[in-house]
Amino acid sequence: MRVLILGAGGHGRAVCEAAWDAGFEVAGFLDGRAPLPEVLGLPVLGPEAAHDGGPLLIALGDNAARLAAAGRLGAALPVLLHPSVVRARSAELAEGAVVMPRAVLGAQARVGRLALVNTGAIVEHDVELGEGAHIAPGAVLCGGVRIGARALVGAGAVVAPNIQVGEGAVIGAGASVIENVDAFSRVAGVPARILL
Ligand SMILES: CC(C)(COP(=O)(O)OP(=O)(O)OC[C@H]1O[C@@H](n2cnc3c(N)ncnc32)[C@H](O)[C@@H]1OP(=O)(O)O)[C@@H](O)C(=O)NCCC(=O)NCCS
């Protein structure tokens with residue numbers, strides 16, 4: 001499938017590499033900072049207004065920005081699943097979900113619209129990721145965890161079984177989360193505590 005990538009930054013380049021590996025034909029990038037020089041040898045065609053109406057991979061690291069861009073552009077949002085991902089057959093992915101190299105999706109895991117499961121993250125059985133959630137590299141979500149829309153689980157964090165993380169919450173890198181996390185709160189540490 002031919003796609004454009006929205007966002008030509010570091011995450012955009014990572015998504016481009018994953019898209020190539022997954023067999024997509026990447027025609028170029030869109031980026032508000034255009035004109036930019038070529039990125040990974042591909043043209044930066046212009047800002048969002050240069051979108052040709054075709055399928056888009058939205059490679060904006062900010063969770064809310066990813067959802068907002070999808071709303072503005074109304075494009076088809078393919079699922080990007082890197083070929084190295086270990087995916088249970090019963091795992092479900094909504095449109096625009098991106099799953100990066102060596103991630104694991106367990107039985108009946110559900111990855112929401114435009115959610116991002118980053119490199120090497122483990123999303124165990126029955127986990128539910130809300131739309132626009134980001135599970136950063138190496139994070140581990142144990143069975144039955146629920147992550148709200150637009151929440152960020154930082155790199156290397158561990159979330160214990162059946163914990164619920166509210167929408168827009170932020171979990172610090174390396175945290176160990178053993179209690180539910182309220183919407184829009186920020187927690188960090190081992191065990192995780194609220195950051196003031
Ligand atoms: C938790 C986090 C969001 C806090 O960021 P911030 O609001 O800029 O906070 P600050 O850096 O000002 O730190 C505030 C306090 O929290 C502590 N803190 C920050 N991050 C922490 C972490 N991950 N674990 C433990 N303590 C942490 C700081 O030491 C500081 O403590 P102090 O007040 O005693 O000095 C951020 O540090 C973090 O871990 N983000 C996740 C990044 C990530 O994994 N992104 C994915 C990229 S792919």
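Me: Where is proline 191?
Reply: Proline 191 sits in the loop between strand S21 (186–188) and strand S22 (193–194). Bear in mind that this is a predicted model.

Me: Which residue does the cis peptide bond link to proline 191, and what is omega?
Reply: Valine 190 is the partner. Omega of that cis bond is about -10 degrees. In general, most peptide bonds are trans.

Me: S22 came up there. What sheet does S22 belong to?
Reply: An open sheet of 8 strands. The order is S4-S7-S10-S13-S16-S19-S21-S22, and the pairing is mixed.

Me: Which strands are at the edges?
Reply: Strand S4 (80–81) and S22. Each of these two pairs on one side only.

Me: Staying in that sheet, how do S7 and S10 run, and how many bridges join them?
Reply: S7 and strand S10 (residues 116–117) run parallel. There are 2 bridges between them.

Me: What stands opposite valine 99?
Reply: Valine 117, in S10.

Me: Now backbone angles. What is phi of arginine 102?
Reply: Near 65 degrees. That is a positive value, and the residue is not a glycine. As a rule, most residues other than glycine have a negative phi.

Me: Where is arginine 102, and is it buried or exposed?
Reply: Arginine 102 lies in the loop between strand S7 (98–99) and strand S8 (104–105). Its relative accessibility is 68%, so arginine 102 counts as exposed. The cut-off for exposed is over 50%.

Me: What about phi of aspartate 126?
Reply: Aspartate 126 also has a positive phi, about 65 degrees, and is not a glycine. Its place is the loop between strand S11 (122–123) and strand S12 (128–129).

Me: And how accessible is aspartate 126?
Reply: Aspartate 126 has 37% relative accessibility, so it counts as partly exposed.

Me: What does S1 pair with?
Reply: S1 runs parallel to strand S2 (residues 25–30), with 5 bridges joining the two. Within that pair, leucine 4 stands opposite glycine 28 of S2.

Me: What does histidine 51 touch?
Reply: Leu4, Leu30, Leu56, Leu73 and Ala75. That leaves out residues up to four places away in sequence. Histidine 51 itself is in the loop between S2 and strand S3 (56–58).

Me: Is histidine 51 buried or exposed, and why?
Reply: Histidine 51 is buried, because its relative accessible area is 16%. Buried means under 20%.

Me: Zooming out, how many helices and strands are there?
Reply: The protein has 2 helices and 22 strands.

Me: What is the radius of gyration, and how does that sit with a compact globule?
Reply: The protein has 16 Å. A compact globule of 196 residues would have a value near 16 Å, so the two agree. The C-alpha trace spans about 45 × 40 × 25 Å along its principal axes.

Me: What share of the residues is buried?
Reply: Buried residues are 49% of the 196. The accessible surface is about 8500 Å², and carbon and sulfur atoms hold 54% of that.

Me: Last topic, charge. How many positive and negative side chains are there?
Reply: 14 positive and 17 negative. The centres of the two sets lie 3 Å apart.

Notes
Residues are numbered from 1 along each chain as its sequence is written. This is a predicted model: local features need pLDDT of at least 70, side-chain atom pairs count only at pLDDT 80 or more; totals for chains, interfaces and linings use all residues. Side-chain values use heavy atoms; hydrogens and water are left out. Helices (H or I, at least four residues) and strands (E, at least two) are DSSP runs, numbered from the N terminus. The radius of gyration is taken over C-alpha atoms; the globule rule is 2.2 Å times the number of residues to the power 0.38. Buried means under 20% relative accessible area, exposed over 50%, partly exposed in between (1.4 Å probe, protein chains only). Accessible areas come from the Shrake-Rupley method with a 1.4 Å probe; for residues, only the protein chains shown count as cover. Lys and Arg count as positive and Asp and Glu as negative; His and the chain ends are not counted. The place of a charge is taken as NZ of Lys, CZ of Arg, CG of Asp or CD of Glu. Two strands pair if DSSP finds at least two bridges between them. Contact means heavy atoms within 4.5 Å.
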